[in-house]
Amino acid sequence: MRKIDLTNFHVATSETARDINRRIVLNLIRSNEPLSRADLARHSGLQRSTVSVIIEQLIEQRWVTQGANGRAPRGRRPRFLHLNKERVRIIGINVRTDTTTVALADLDARFVAQESLPTAKTPEQFIADLVPRIQNLVKMSPDITCEGIGVSLPGRVDLASQRLVFAPNLGWRPFDLKTPLEEATGLPVELENAANACALAELWLGQYTQGVRNLVAVTVSEGIGAGLILNHQLIRGSNGLAGEFGHTTIVEDGLQCGCGNRGCWEVYASNSAAVRYYAGQDLRARNGRAKNGSDGSVPSFDDVLRLAEQNDPKAVESINTMAHYLGAGLALLVTGLAPDVIVLIGEVTRLWNRVGPIIEQVIRERSFTHAATRIVPTDPATQPRLRGTVPLVLQKHFGAPSVA
Ligand SMILES: [Zn+2]
């Protein structure tokens, strides 16, 4: 049972019913196009006349277009309806500790233009770097409405203040990114943790979500984050901080983490961990983070991956150790949450043939409920963190409305 929140509820009006039906029809067209009005009435159980009213409205708002005539055994030939992919553009910004990507996407999260730049050391400089680039992207499609800006962040966003509040790997102080970006661009801005954004992208693009109600997206990069969707709902916890499994202790009295705690999961299973294993740094060192050096002293995670692909023994060992610890943390998620699917996002999935079996093995050994949960890698080439920015902006049109 979901309790009705008596401090924050919306009573149902005739507008509520119209809004729900409109979203159902819009999503049916998106998932099953091309469809006729008769198909929609059949799929939804709505009256033909109700469907027609909704479709007229969606055509007027340019969400839906009418295509060719379909075939019918007799009578009038139905017009096929399509989602209008040219209705909106979305600006997506994926912030990682070293690189930021800014891109222009269409409704299907296909990127029509993108650019990467080093991530600024301060949030003020970040805004200054981004604004002209956003303006250039918007100018690329002057005839198409830019619906907003979605930002995927390596940290958590406090829902009340919209401040980025927990980003130990980025090293920025708590900062309101939303207001200055909105003021400078005139576009609505949606901020979200990268793992949450990836989880929403899985719902939106639906590669593994057929019949899935409970999904966890785990981003493995400089740190580790988790986005939790339980019973079709993104879980935020108090202050939007839910999902910080990367900062739960996996090694008692372990290495120091950037968050202040010791022995955090991400200190042992992130890209930075693999680099440290490769560099052979003293495992009892006070700081768990290897310098991800452009100074040549320590290779990058990309170097370690490439060497492991070439069967360099030390690189293979480093990736195996990382995979072991990934499995250890994932086993906790499997046992504790019993999700239908855990989606893994990160460069390490390039070596899934090696990493996948180790992860599965550790989960089998540690979680007796493992059978129900599928562990699936995403293809880094699809840019899952960047794709995650698109549903942030579109959820206000396509997401389920909150009722009562
Ligand atoms: Zn930590």
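The text below takes up the salt bridges, then the exposure of their partners, and lastly the cavities.

**Salt bridges**

The model is a predicted one, and a search through the whole of it returns 21 salt bridges.

| Pair | N to O distance |
|---|---|
| Arg 133 and Glu 115 | 2.9 Å |
| Arg 262 and Asp 253 | 3.8 Å |
| Glu 309 and Arg 350 | 3.3 Å |

In the salt bridge between Arg 133 and Glu 115, the closest N and O atoms lie 2.9 Å apart.

Glu 309 and Arg 350 form a salt bridge whose closest N and O atoms are 3.3 Å apart. Here too distant parts of the chain are linked: Glu 309 is in helix α9 (residues 301-309), whereas Arg 350 is in the loop between β14 (341-345) and α11 (352-366), and the two residues are 41 residues apart. With a relative accessible area of 40%, Glu 309 is partly exposed, and Arg 350 is partly exposed because its relative accessibility is 37%.

The side chains of Arg 262 and Asp 253 also meet in a salt bridge, at 3.8 Å from N to O, and Arg 262 has a relative accessible area of 29%, so this residue is partly exposed.

Beyond these pairs, salt bridges link Glu 33, Lys 85, Asp 106, Asp 108 and Arg 110 into a network.

**Cavities**

How many cavities of 30 Å³ or more does the model contain? The count comes to four, and the largest cavity has a volume of about 190 Å³. Its lining is made up of 19 residues, of which Pro 154, Gly 155, Asn 169, Ile 224 and Gly 225 are the closest to the centre of the cavity. Helix α6 (194-205) and strand β12 (224-230) each supply at least two residues of this lining. By residue class, the lining of the largest cavity divides into seven nonpolar, eight polar and four charged residues.

Key
Residues are numbered from 1 along each chain as its sequence is written. This is a predicted model: local features need pLDDT of at least 70, side-chain atom pairs count only at pLDDT 80 or more; totals for chains, interfaces and linings use all residues. Side-chain values use heavy atoms; hydrogens and water are left out. A salt bridge is a side-chain nitrogen of Lys or Arg within 4 Å of a carboxyl oxygen of Asp or Glu. Buried means under 20% relative accessible area, exposed over 50%, partly exposed in between (1.4 Å probe, protein chains only). Helices (H or I, at least four residues) and strands (E, at least two) are DSSP runs, numbered from the N terminus. On a 1 Å grid over the protein atoms alone, a cavity is a set of points where a 1.4 Å probe fits but cannot get out, and a pocket is an open set with protein on both sides within 12 Å along at least five of seven lines; lining residues have an atom within 4 Å of a point. Grid points are joined across faces, edges and corners, and a volume is the space filled by probe spheres set on the points. Ala, Val, Leu, Ile, Met, Phe, Trp, Tyr, Cys and Pro count as nonpolar, Asp, Glu, Lys and Arg as charged, and the others, Gly among them, as polar.
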